[in-house]
Amino acid sequence: MATRNAGSNGSGTGRAYAHIVGWGMAVPEAVLTNDDISAFVETDDTWIRERTGIRERRIAGEKESAATLGYNAARHALEVADILPVDLDLIVVATSTPEHVFPGTASLIQDWLGASRAGAFDLSAACSGFVYAIDMAAQSIRSGSMKTALVIGTETMSRVMDWQDRSTCILFGDGAGAVVLRASEQPGGVLASVLRSDGAGCDLLAIPTTSAREPGEHKLNKMYMAGSEVFKFATRVVDEGIRQCLDKAGLELDDISLIVPHQANQRILASVAKKLRLDINRFMSNVERYGNTSAASIPIALCEALEQKRIKPNDHIVLVGFGGGLTWAATVIQWVAPSDAEPARFNRQRRQFLYTFARWRRRITQLQRSLNNLLYRLNPRRRRRKTRSGRENDDLS
Ligand code: COA
């Protein structure tokens, strides 16, 4: 297939375009309904549905994290793209809920996949993170510096919720989505993006950490939000971002068959649709079933739009995100990949082998390190050196 191998079936111009050739999602099994939430905070299903459109969300289990969900989504995306993890040049993970400040979640996933040739880093732009990451990866591909990139949006928002705060805990959920971008000479793919930030709104939506200057009255590692201010911000910037992005690509709203927006609140989508004078059906929405999964919401919605055959080859679609920072971002894509190509069985077996190999390599590397440390500590020559240097230090003091 043309888009799966760089330059295999292109126009022959030598110019690189960045196409999405694989996609996948992973959500936890556990479902938390509005009624479940009303058992521990004062709220009810009708209020939540009417104000947000949300009915339920997924909640990560003890053994799940942004890394494990992102890894599972990534494996699906590699399957659809039918490429091997060793073909990846770059892994970018957009997340606000990493397991560590460092190492990046991207490095954990890189190791688990056995993507031994890939660079890996996390990107922090809250709910706009996935669109930012798509643009970063697409730019790298278009510049010719790499051929294949994996972009993941993954979150465990349930871990940073204040479950006593009814105005925020009703909104968020957990999940992950991933796409593979690949260089091709065939025109299309990621055409143009607009990335924006207004840090003056940094106090409207945040998760203060232990290194915060002034957490104030807010709880460390828990999210707080000025809901109605964020609502006004979102309805102000989303339509503007879409229009600017289309201008950059030289396209009109009529050229766009589907908008895949960040899934925060159905009322925000309705307001944006009204401002753009577009039928709400031109917007992909699954907020009802997952709530707001921050950086994961756009790739999850994209996967479901493809599953529902709402995107066809040659369609132009827009991805648009907004959130903490404040940040917002839009990207316009000319879709090329068919949604139902079967991956080759031979590659499937090789991928499986590489995942198993990666697991054993990690165990053996860690065991080897422990053994080396033990041998070093038991080494009599090192002991003698240590005693001597201890004496020298005593002489100096
Ligand atoms: N159940 C019942 N009542 C609730 C409630 C809940 N879960 N949460 C808030 N309320 C109450 C408030 O206490 C307030 O009561 P009061 O008038 O007696 O003080 C009332 O509902 C209205 O609160 P308000 O915050 O003005 O409601 P709203 O219509 O703005 O809806 C949000 C609240 C959070 C749903 C809405 O502001 C929103 O969706 N904002 C955007 C959030 C978002 O998208 N964030 C992520 C961006 S990435």
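## A helix across a sheet

Helix H10 (residues 297–307) lies across S11 and S12, and runs at about 140° to S11. Keep in mind that this is a predicted model. Of the 11 residues of H10, 9 are buried, so the helix is largely enclosed by the rest of the structure. If you want to find them, the buried ones are Ser297, Ile298, Pro299, Ile300, Ala301, Leu302, Cys303, Ala305 and Leu306.

In the loop between helix H9 (287–290) and H10 sits Ser294, whose phi is near 50°, a positive value in a residue other than glycine. Ser294 counts as buried, with 34 C-beta neighbours inside 10 Å. After H10 comes Lys309, and its phi is positive too, near 60°. For background, most residues other than glycine have a negative phi.

## The four-stranded sheet

S11 and S12 belong to an open sheet of 4 strands, ordered S8-S13-S12-S11, with mixed pairing. Strand S8 (189–197) and strand S11 (256–261) are at the edges with a single partner strand each, so one side of each has no neighbour in the sheet. On average, and ignoring direction, neighbouring strands here are turned by 15° against each other.

Inside the sheet, strand S12 (residues 316–323) pairs with strand S13 (residues 327–334) in the antiparallel sense, over 8 bridges. As a landmark, take Ile317, which stands opposite Ile333 in S13. The loop between S12 and S13 holds Leu326, and a cis peptide bond joins Gly325 to Leu326, with omega about -10°.

## The five-stranded sheet

There's another open sheet, this one of 5 strands in the order S1-S7-S6-S4-S5, again with mixed pairing. Its edge strands are strand S1 (17–26) and strand S5 (119–123), each pairing on one side only. From one strand to the next, the twist averages 20°. Strand S4 (residues 90–94) and strand S6 (residues 148–156) run parallel, paired over 5 bridges; Ile91 has Leu150 in S6 as its bridge partner. This sheet has a helix across it as well: helix H3 (residues 66–81) lies across S1, S4, S6 and strand S7 (174–184), at about 125° to S1.

Pro103 is in the loop between S4 and helix H4 (105–113), and the peptide bond from Phe102 to Pro103 is cis, with omega near 0°. Ala126 is in the loop between S5 and helix H5 (129–142). Ala126 isn't a glycine, yet it has a positive phi of about 50°, and it is buried, with 24 other C-beta atoms within 10 Å.

## Around the ligand

The ligand is surrounded by 19 residues, the closest being Thr43, Gly227, Phe231, Ala264 and Gly323. Helix H2 (45–52), helix H6 (166–169) and helix H7 (227–249) are the elements that give two or more residues to this shell. H7 supplies the largest share, 5 residues. By type, the shell splits into 9 nonpolar, 8 polar and 2 charged residues.

## Helix H7 itself

How far apart are the end C-alpha atoms of H7? They are 33 Å apart, which agrees with the 33 Å that its 23 residues should span at 1.5 Å a residue. Among the buried residues of H7 are Val230, Phe233, Ala234, Val237, Val238, Asp239 and Gly241. Just after the helix, Gly250 takes a positive phi of about 70°.

Methods. Residues are numbered from 1 along each chain as its sequence is written. This is a predicted model: local features need pLDDT of at least 70, side-chain atom pairs count only at pLDDT 80 or more; totals for chains, interfaces and linings use all residues. Two strands pair if DSSP finds at least two bridges between them. Axes are lines fitted to C-alpha atoms, for helices over the stretch in contact, and angles run from 0 to 180 degrees between N-to-C directions. Two residues are in contact if their C-beta atoms, placed from the backbone, lie within 7 Å. A residue is near a molecule or strand if its C-beta atom, placed from the backbone, lies within 6 Å of it. Ala, Val, Leu, Ile, Met, Phe, Trp, Tyr, Cys and Pro count as nonpolar, Asp, Glu, Lys and Arg as charged, and the others, Gly among them, as polar. The expected span of a helix is 1.5 Å times one less than its number of residues. A residue is buried if 20 or more other C-beta atoms lie within 10 Å of its own, exposed if 12 or fewer, and partly exposed in between; C-beta atoms are placed from the backbone.
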